[in-house]
Amino acid sequence: MEEVLRYLREEVHGADGALKVGRRLEGVCVRSESLGPFLHFKRGRYTRNLVYRDARFEVVLNCWDTGTCSPIHDHGREECWFSVQAGTFLLEDYPLLAGGRQPGYALLGPPRVSEGVGPGHVDYRGPLDSIHRVTSVQGPAVTLHVYASPVDQCLVFDVRRQRCVWRKLSYHSVFGRPVEGRPGGELTERL
């Protein structure tokens with residue numbers, strides 16, 4: 001994990017960092033023993049585990065129980081890459097038809113659903129095409145997320161009500177240590 005972080009610090013802070021981060025993560029599967037301190041699973045949920053954070057980017061390891069999915073959400077207009085480390089996922093991309101750039105009215109189009117993706121797959125979300133949902137179909141599953149700037153909140157979308165609201169994000173663990181009494185800001189749904 002230290003080697004991946006070293007490369008990311010060089011790439012994100014350097015020229016053309018956004019392009020290089022995506023290339024750097026392609027096919028990367030971090031050795032499970034180096035992920036150990038950050039692997040915190042919770043039945044029926046996924047957990048967000050902070051690995052690294054500075055003013056320019058953060059690295060979060062998400063641990064997923066089989067059948068859990070995120071709500072439909074964006075990334076607060078930040079760039080994000082995630083690399084599947086273990087498990088199989090379905091990815092749903094939602095086009096924004098109207099509203100949805102701030103809390104309130106949001107009309108989304110029908111989702112474009114991916115085939116199952118597994119270890120080594122890298123997904124990229126840009127500032128304007130980031131509305132999606134991630135579902136773990138086979139687990140336990142692990143994804144490694146790199147955000148070009150730290151993300152403290154995001155918009156969560158309710159397709160039925162055609163609305164979106166801000167959701168404050170929290171961590172289950174920080175640098176390998178579980179957070180006690182953390183707020184209930186997890187982005188988690190159960191199928």
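Modeller: A salt bridge here is a side-chain nitrogen of Lys or Arg within 4 Å of a carboxyl oxygen of Asp or Glu. The model is predicted.

Colleague: What makes Asp93 and Arg112 a salt bridge?

Modeller: Their closest N and O atoms are 3.0 Å apart. The cut-off is 4 Å, so the pair qualifies. Asp93 lies in strand β5 and Arg112 in strand β8, 19 residues apart, and the pair links distant parts of the chain.

Colleague: Why is Asp93 called buried?

Modeller: Asp93 has 16% relative accessibility. Buried means under 20%, so Asp93 counts as buried. Arg112 is at 57%. Exposed means over 50%, so Arg112 is exposed.

Colleague: Which residues are linked with Asp93 and Arg112 in a network of salt bridges?

Modeller: Asp123 and Arg125.

Colleague: How do you know that Arg53 and Glu58 form a salt bridge?

Modeller: The closest N and O atoms of Arg53 and Glu58 are 3.4 Å apart. That is within 4 Å, so the term applies.

Colleague: Is Glu58 buried or exposed?

Modeller: Buried: Glu58 has 0% relative accessibility, and the limit is under 20%.

Colleague: What makes Asp158 and Arg161 a salt bridge?

Modeller: Their N to O distance is 3.9 Å. The limit is within 4 Å, so the pair counts. Arg161, at 53%, is over 50% and therefore exposed. Asp158, at 26%, is partly exposed.

Colleague: How many salt bridges are found in the whole structure?

Modeller: Seven.

How values were computed
Residues are numbered from 1 along each chain as its sequence is written. This is a predicted model: local features need pLDDT of at least 70, side-chain atom pairs count only at pLDDT 80 or more; totals for chains, interfaces and linings use all residues. Side-chain values use heavy atoms; hydrogens and water are left out. Buried means under 20% relative accessible area, exposed over 50%, partly exposed in between (1.4 Å probe, protein chains only). Helices (H or I, at least four residues) and strands (E, at least two) are DSSP runs, numbered from the N terminus.
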